[in-house]
There are 2 protein chains.
Amino acid sequence: MKKMYNVAVVGATGAVGTKMIEMLEETSLPINQVKLLASKRSAGKEVTFKGQTLIIQELVPESFDGVDIALFSAGGSISKQFAPEAVKRGAVVVDNTSHYRMDPEVPLVVPEVNPEALRRHKGIIANPNCSTIQMMVALEPIRKVYGLDRLIVSTYQAVSGAGINAMEELKSQALAYINGTPAEELEADILPCGGDKKHFPIAFNALPQIDVFSDADYTYEEWKMINETKKIMEDDSIKVVATCVRIPVLSGHSESIYIEVKEDGSDVSKIKQLIADAPGAVLQDDPSQQLYPQALTSIDRKETFVGRIRQDVDIDKGYHMWVVSDNLLKGAAWNSVQIAEKLHEMDLVTLKHS
Amino acid sequence: MKKMYNVAVVGATGAVGTKMIEMLEETSLPINQVKLLASKRSAGKEVTFKGQTLIIQELVPESFDGVDIALFSAGGSISKQFAPEAVKRGAVVVDNTSHYRMDPEVPLVVPEVNPEALRRHKGIIANPNCSTIQMMVALEPIRKVYGLDRLIVSTYQAVSGAGINAMEELKSQALAYINGTPAEELEADILPCGGDKKHFPIAFNALPQIDVFSDADYTYEEWKMINETKKIMEDDSIKVVATCVRIPVLSGHSESIYIEVKEDGSDVSKIKQLIADAPGAVLQDDPSQQLYPQALTSIDRKETFVGRIRQDVDIDKGYHMWVVSDNLLKGAAWNSVQIAEKLHEMDLVTLKHS
């Protein structure tokens, strides 16, 4: 008998949760039933799923009775509280928050990169940070062949990573500024980071802070990229460093990445071929046609786009590239649903219902 | 008798020319007379200068009769044609276009960095590229003490570098997109680069192309940063590489810069102190107060702002930083007027009138 899954989405009304529902409409995962969970405030709202009307329910521990796979994207504290409740009730959790990512018991998975890590799951699988995922899709095919000695990334991140309200904030600030409101009078309540003290306008600005500051004056977002890369690539010796910057883009994260490979024998055309052949990656690299990845054209696409691949001017084993992906899809919702698909393919979910 | 200069501004109606006039109102340079030159189309327009009304005149070779210092910012072809005419008539030219920058006979000057190069001038002095200038202000104090082995820069450049029309294009695209025009229907006629075939929207986007493509798939803008850095620092051994990206910011260029110094003995606090003491630079670096440079707060300021200074996670002599400046001021108009001030201080302009 074909396995059919009961799937729950936790945080169904958020920027990522909304996209999770879309991705579940398109997935090859055989679905029996979808349950949409959110805070009490959103309970009762209606959402269309494959032509059916689903009603959003308030998240409580019992919500997970009968659920086989639960996709979480409602913030770290919700995952901390409710993921164990879901696991207790037999569900496998795919968590899109940072809460469990660095837990040694929890696999951190990009399906194109380290699907085998799923076999070690004990009920919870973590979805990496959006900026990390697209970088992994672009770099893993290169690492596999030539090794990676170091990488330096500067990000150009969209505001949708901070939620729907951040998107509205960018739009209303942009309108106000164009209509003559001076920069110092623009209202800012969310960015750079909901959890920090001060807020700055993002419209027509660039903010070199994503998440709060941490050790050595790096932000948590920067540490996420550093630590998650080593965990996903299962290699602590890779030198990784990040500068994470928010720019006034609604969706689509861009990254300027410098890498140095370990082995001899690489060149630009071989690197390009590796990207062209890589699962989940699309090579967009033709300067004669001005073809390169762009945030605006990445929206609603599941792939990671790679271009501007150049050899370093001085370092033989150094390469530069420009990597773009829809942070709400491959960076979040799609990667989570892909993990669910892999769990099914690898038969790693035990059904709790008949 | 105190020297008083007749100063001409070529390209007086452009984004940079307008700022040159503002900077001439604030300069310590003793000015006898200001002459505003532009194309025939703009001739006759009135501009206020220190309370006086000046009338813009059509640029012709004879415009430079009686001019001591001519500030050019009307495009490379105008500089090519008219700078020699100005020099022939005894003026010293400060050229803001890229036309003469790599000419070995022409000094390329950031006054805080290499003022002595002005002594070699033969009538023309080149103003460096906007992105290069602010990087030089930030890095020269570090290079002087610890040497520079390499630098990798990713830029976040404002549209005003492409002129007033590019600023209007960003604003009208932003309004259209917010009002529901789909991305693929946004009108784009200027960016990424007026001289290239295709144009793409910049609103809510990031375009990894500034200027046209050149050798090894680097853009001219990227080569400018590489070559100009070596010329200004008078050291061809510095490894320099750039990725230049346009973002939806009106004014204020930001840069994520990685450097490796040559000598032992540096640390983050010493690097910060060097920046704090550097001429033209302002240290804005206090994560506990969320203090870091921002494009929006750099507008109309003459300084270069430096923050987010961190040691590399793995490389002892590696540092990361975030450098922001108003590209129309320090990146163009102010640096040009500063060069004129230096020429006066160093007595390098011979007056042609009594």
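The tour below goes through chain A and then chain B.

**Before you start**

This is a predicted model, in which local features need pLDDT of at least 70, side-chain atom pairs count only at pLDDT 80 or more, and totals for chains, interfaces and linings use all residues. Residues are numbered from 1 along each chain as its sequence is written, chains are lettered from A and ligands numbered from 1 in the order in which they are written, and side-chain values use heavy atoms, with hydrogens and water left out.

Helices (H or I, at least four residues) and strands (E, at least two) are DSSP runs, numbered from the N terminus.

**Stop 1: helix 2 of chain A**

Select residues 76–88 of chain A. This is helix 2, with 13 residues. From first C-alpha to last, helix 2 of chain A reaches 18 Å, close to the 18 Å expected at 1.5 Å a residue. The expected span is 1.5 Å times one less than the number of residues.

Now find Phe82(A). Helix 2 of chain A bends there by about 35°. A bend is the angle between axes fitted to the seven residues ending at a residue and the seven starting there. A proline, Pro84(A), follows within four residues.

Which residues of helix 2 of chain A are buried? They are Ser79(A), Phe82(A), Ala83(A), Glu85(A) and Ala86(A). Buried means under 20% relative accessible area, exposed over 50%, and partly exposed in between (1.4 Å probe, protein chains only). Show strand 6 (69–72), strand 7 (92–95) and strand 8 (124–126) of chain A as well: the buried residues of helix 2 pack against them. Contact here means heavy atoms within 4.5 Å.

Step on to Gly90(A), which follows helix 2 of chain A. The phi of Gly90(A) is positive, near 95°.

**Stop 2: helix 3 of chain A**

Select residues 130–146 of chain A, which form helix 3. The 17 residues of helix 3 of chain A should span 24 Å at 1.5 Å a residue, and the end C-alpha atoms are 25 Å apart, which agrees. Helix 3 of chain A is mostly covered, with 14 of its 17 residues buried.

Where does helix 3 of chain A bend? Look at Leu139(A): the bend is about 40°, and Pro141(A) follows within four residues. After helix 3 of chain A comes Gly147(A), with a positive phi near 70°.

Helix 3 and helix 8 of chain A pack at about 85°, with their axes 8 Å apart. That makes the two helices of chain A roughly perpendicular. Axes are lines fitted to C-alpha atoms, for helices over the stretch in contact, and angles run from 0 to 180 degrees between N-to-C directions. Under 35 degrees counts as roughly parallel, over 145 as roughly antiparallel, 65 to 115 as roughly perpendicular and the rest as oblique.

Show the side chains. Cys130(A), Ile133(A) and Val137(A) in helix 3 meet Lys330(A), Gly331(A) and Asn335(A) in helix 8 of chain A.

**Stop 3: two loops of chain A**

Select Pro192(A), in the loop between helix 4 (164–178) and helix 5 (220–232) of chain A. The peptide bond from Leu191(A) to Pro192(A) is cis, with omega near 10°.

Next, select Gln284(A), in the loop between strand 12 (281–283) and helix 7 (295–298) of chain A. Is Gln284(A) buried or exposed? Gln284(A) counts as buried, at 17% relative accessibility. Leaving out residues up to four places away in sequence, Gln284(A) touches several residues, including Leu291(A), Tyr292(A), Phe305(A) and Arg308(A).

**Stop 4: over to chain B**

Select Ile315(B), in the loop between strand 13 (304–311) and strand 14 (318–325) of chain B. Ile315(B) is buried, with a relative accessible area of 19%. Beyond its neighbours within four places in sequence, Ile315(B) is in contact with Arg150(A), Lys239(A), Tyr258(B) and Glu260(B). Ile315(B) and Glu260(B) are 55 residues apart in sequence, and their C-alpha atoms are 8.2 Å apart.

**Stop 5: two positive phi values**

Select Arg308(B), in strand 13 of chain B. Its phi is positive, near 50°, in a residue other than glycine. Arg308(B) counts as buried, at 3% relative accessibility.

Finish at Glu234(B), in the loop between helix 5 and strand 10 (239–243) of chain B. Glu234(B) is not a glycine, although its phi is positive, about 50°. Glu234(B) counts as exposed, at 57% relative accessibility.
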